[in-house]
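Open your viewer and keep the selection panel at hand. Each stop below says what to select and what is there.

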Amino acid sequence: DWPTALEWALIAGFPVGTVAGMAIAWWKEIAGGRVTLASLAAFYALYAFAGGGPPPGPWFLAFAAPGLALLGCGIASRLSGGGAAGRAPPGRAPR
């Protein structure tokens with residue numbers, strides 16, 4: 001059988017949105033982490049709405065963990081003043 005509209009929405013949240021967020025996080029950690037987190041939250045909300053509770057097991061969180069870790073790294077880098085935007089090119093002193 002073809003997936004229902006709700007099942008398509010669940011597929012869009014996980015794995016499609018989660019994987020897209022991790023791909024974006026490869027270049028832009030915070031933006032990609034936000035996409036991963038939003039997709040995962042939407043998936044959990046839709047799953048709870050459809051099934052009456054959270055998905056069984058920690059596997060969805062485990063799969064999304066790299067995107068969430070990249071979000072944490074991006075935030076930590078921004079708070080510490082580091083990151084690619086704050087670094088000087090090799091051989092040059094920062095301004």
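**Ground rules.** This is a predicted model, in which local features need pLDDT of at least 70, side-chain atom pairs count only at pLDDT 80 or more, and totals for chains, interfaces and linings use all residues. Residues are numbered from 1 along each chain as its sequence is written, and side-chain values use heavy atoms, with hydrogens and water left out.

**Stop 1: the whole chain.** Colour by secondary structure. The protein chain has 3 helices and 0 strands, in the order α-α-α along the sequence. Helices (H or I, at least four residues) and strands (E, at least two) are DSSP runs, numbered from the N terminus. Now show the surface. The accessible area is about 6600 Å², and 70% of that belongs to carbon and sulfur atoms. Such areas come from the Shrake-Rupley method with a 1.4 Å probe; for residues, only the protein chains shown count as cover. Of the 95 residues, 24% are buried. Buried means under 20% relative accessible area, exposed over 50%, and partly exposed in between (1.4 Å probe, protein chains only). Contact means heavy atoms within 4.5 Å. Among contacts between residues at least 6 apart in sequence, 55% join residues at least 24 apart.

**Stop 2: helix α1.** Select residues 5-25, which form helix α1, and find Trp8 there. Trp8 counts as partly exposed because its relative accessibility is 40%.

**Stop 3: helix α2.** Select residues 29-51. These 23 residues reach 32 Å from first C-alpha to last, close to the 33 Å expected at 1.5 Å a residue. The expected span is 1.5 Å times one less than the number of residues. Show the side chains of the buried set, including Ile30, Thr36, Leu40 and Phe43. The buried residues of α2 pack against α1 and α3. Just after α2, Gly52 takes a positive phi of about 85°.

**Stop 4: helix α3.** Select residues 59-80 and centre on Ala64. Is Ala64 buried or exposed? Ala64 is buried, with a relative accessible area of 0%. Leaving out residues up to four places away in sequence, Ala64 touches Thr18, Met22, Thr36 and Leu40. Finally, draw a C-alpha distance from Ala64 to Pro15: 8.9 Å, across 49 residues of chain.
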